[in-house]
Amino acid sequence: INGLIKDSLIGGILMLNGTVEQFTTWIKAFNTLNQSQGNLPFLYSADAEPSLVNRKIMGSTPVKKANEIDSIQEVKSVTQKISSDLNKIGINYNFSPVVDMSPNSTVGYRSFGKNPENIIPWSNQFIQTTQKNNIIATAKHFPGHGLVSGDTHKSLQVINGPLKEIQNYPPLIKNGVLSIMVAHIAIENNDMFSTNGLPSTCSRKVVHELLRDSLDFKGLIVTDAMNMGGVRNVPNNNTKAIAAGCDILLMPADARKAHLEIMTAYSNADMKKTIDASVRRIIRMKICLGLL
């Protein structure tokens with residue numbers, strides 16, 4: 001990471017697994033190095049979901065898992081505890097809440113979908129409380145991970161037919177969620193949004209035409225981790241995700257290679273326009289967070 005900072009190749013860091021003390025120490029060191037290089041301040045992200053935060057950030061304030069929470073008031077309390085920890089550590093971008101339906105075993109226990117009618121109001125409460133603490137909240141996993149059977153960490157999963165979970169996003173977009181994460185899920189047997197065997201992260205139909213244009217989302221679009229089995233073996237996956245309209249590549253398998261591929265693609269007029277728009281959104285978000 002220090003090498004990537006010195007060469008000005010990254011705009012943020014995911015704090016994936018560690019302790020409160022480790023993350024706090026590392027972020028201070030990264031900031032010092034980053035400032036000495038004259039780079040823009042970083043977005044520091046984490047999967048600080050109620051169901052994962054105590055395992056991902058060891059020593060964080062204990063909270064109930066999402067599927068164990070009993071009321072919207074408890075959602076607010078849990079979110080405030082998580083946000084307070086993130087502010088103390090220096091993390092300003094939370095990849096949460098999960099707004100998927102509950103049937104999928106990988107993501108189901110991580111959402112408020114035990115009672116489907118709670119997903120939107122409880123997710124909105126999580127988002128509003130997070131963002132009042134000057135932290136970006138992220139609705140995930142677009143266009144919907146809860147009704148597919150498998151695990152995108154291991155392989156590409158498929159939505160067969162209509163996008164039944166898409167209904168969860170318009171109310172959250174209307175209420176100002178700042179970020180949405182796109183999943184490595186293909187769509188088939190859907191005339192309007194078929195991804196032709198590619199994950200949604202690499203489909204312009206899904207990212208740009210559906211999320212950005214049809215749903216009028218103006219915030220940051222981030223990929224799920226690019227080293228996951230659902231996307232890792234897609235040829236030119238980094239540039240395909242950017243061309244699709246994703247603003248941020250999360251955990252590319254090789255960050256230097258990804259940067260080189262993007263800079264090479266930048267010579268194309270359409271890609272330059274797409275990349276410039278993403279960069280403006282990222283810088284605008286850093287200004288809104290008070291980093292610039």
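Q: Let's start with a pocket. Which residues lie nearest the centre of the second largest pocket, and how many residues line it?
A: The second largest pocket has a lining of 23 residues, and those nearest its centre are Asp-47, Lys-56, His-153, Asp-224 and Met-228. Two elements, helix 3 (53-56) and strand 6 (136-142), each give two or more residues to this lining. Keep in mind as we go that this is a predicted model.

Q: What volume does the second largest pocket have, and how do its lining residues divide by class?
A: Its volume is about 320 Å³. The lining of the second largest pocket divides into 10 nonpolar, 6 polar and 7 charged residues.

Q: And what is the volume of the largest pocket?
A: The largest pocket comes to about 1200 Å³. Its lining holds 38 residues, and if you want to find the centre in the viewer, look for Leu-9, Ile-10, Gly-11, Gly-12 and Leu-249, which are the closest to it. Strand 1 (12-14), strand 3 (43-46), helix 9 (255-265) and helix 10 (269-288) are the elements that give two or more residues to the lining of the largest pocket.

Q: Which element gives the most to that lining, and what classes of residue are found there?
A: Helix 10 gives the most, with 6 residues. By class, the lining of the largest pocket has 28 nonpolar, 8 polar and 2 charged residues.

Q: Now for charged pairs. How many salt bridges does a search of the whole structure find?
A: There are 11. To read one, look for a side-chain nitrogen of Lys or Arg within 4 Å of a carboxyl oxygen of Asp or Glu.

Q: Are Asp-7 and Arg-256 buried, exposed or partly exposed?
A: Asp-7 counts as partly exposed, at 42% relative accessibility. Arg-256 is partly exposed too, at 41%.

Q: Where do Lys-140 and Glu-49 lie, and how far apart are they in the chain?
A: First, note that their side chains meet in a salt bridge of 2.7 Å, N to O. Lys-140 is in strand 6 and Glu-49 in the loop between strand 3 and helix 3, so the pair links distant parts of the chain, 91 residues apart. Lys-140 is buried, with 1% relative accessible area, and Glu-49 is buried at 0%.

Q: Which residue forms a salt bridge with Asp-276?
A: Lys-272 does, and the closest N and O atoms are 3.0 Å apart. Both residues lie in helix 10, 4 residues apart, which is about one turn of the helix. Lys-272 is partly exposed, at 37% relative accessible area. Elsewhere, salt bridges that share partners join Asp-47, Glu-49, Arg-110 and Lys-140 into one network.

Q: How many disulfides does the structure hold?
A: A disulfide is a covalent bond between the sulfur atoms of two cysteines. Here there are 0 disulfides.

Conventions:
Residues numbered from 1 in each chain as written. Predicted model: local features only at pLDDT ≥ 70, side-chain atom pairs only at ≥ 80, totals over all residues. Heavy atoms only, no water. Disulfide = S-S within 2.5 Å. 1 Å grid on protein atoms, 1.4 Å probe; cavity = no way out; pocket = protein on both sides within 12 Å on 5 of 7 lines; lining within 4 Å. Points joined across faces, edges and corners; volume = space filled by probe spheres on them. Nonpolar A, V, L, I, M, F, W, Y, C, P; charged D, E, K, R; others polar. Buried < 20%, exposed > 50% of the residue type's maximum accessible area, 1.4 Å probe, protein only.
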